[in-house]
Amino acid sequence: MKIEVNKDFNIYKVEQWKGLERKQILYCMVLVGVLVPLLGIMVFVCRVPILLSIWLLSPPLVVVLLFGFYQVDNMGFLEWLKRTYQLRYQEPLLFATIEELESQQTESKTGDFIGSNKKKKKQKEQKQRKKEKKQGVTKS
């Protein structure tokens, strides 16, 4: 079996350093550059116990790690959030045949919408029941 291999390996450059991509390294530097000084301020200036200050700084740590390292289907976390939001709140795609559309148009001209007759009937029945109850109370 003959397998052809491209001999120019310089075209394929992997932007990694010790298994981390450039984006992940950038987020790690932001993490260290922001959270370590905040930890120092909380411990040495504000006299907050170190364990409590670590617990208080863990939510921003998780957010930075999610945005830097977490990937779903080769999408970053922010792109994944945008797509799930769009999918969740988009309007459903509805399909109808030409005959159904024509019948709905003719029904809408006559005022008979789908379900509107049922509502009208229920309202009439409720009004009649109220009248009957009032008449029954006044007769006796």
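Isoleucine 41 is partly exposed, with a relative accessible area of 44%, where buried means under 20%, exposed over 50% and partly exposed in between, with a 1.4 Å probe and protein chains only. The structure is a predicted model, in which local features need pLDDT of at least 70 and side-chain atom pairs count only at pLDDT 80 or more, while totals for chains, interfaces and linings use all residues. Residues are numbered from 1 along each chain as its sequence is written, and side-chain values use heavy atoms, with hydrogens and water left out.

Isoleucine 41 belongs to helix α1, residues 22–45, helices being DSSP runs (H or I, at least four residues) numbered from the N terminus. Together with Leu26, Met29, Val30, Val34, Leu38, Phe44 and Val45, Ile41 makes a nonpolar surface patch of about 770 Å²; the nonpolar side chains of such a patch are joined within 5 Å, and its residues have over 30% relative accessible area and no salt bridge (a side-chain nitrogen of Lys or Arg within 4 Å of a carboxyl oxygen of Asp or Glu).

Glutamine 24 is also found in helix α1, but it counts as buried because its relative accessibility is 12%. Apart from neighbours within four places in sequence, glutamine 24 is in contact (heavy atoms within 4.5 Å) with Gly19, Gly68 and Phe69.

The largest nonpolar core consists of 5 residues, Leu31, Leu35, Met42, Leu57 and Val64, a core being a set of buried Ala, Val, Leu, Ile, Met, Phe, Trp, Tyr and Cys residues joined through side-chain atoms within 4.5 Å. Helices α1 and α2 (50–69) each supply at least two residues of this core, and the largest share, 3 residues, comes from α1. Valine 64 is in contact with Tyr27 and Leu31, neighbours within four places in sequence being left aside.

Conventions. Patch = residues over 30% accessible without salt bridge, like charges linked within 9 Å, V, L, I, M, F, W, Y side chains within 5 Å. Areas by Shrake-Rupley, 256 points an atom, 1.4 Å probe, with all protein chains shown as cover.
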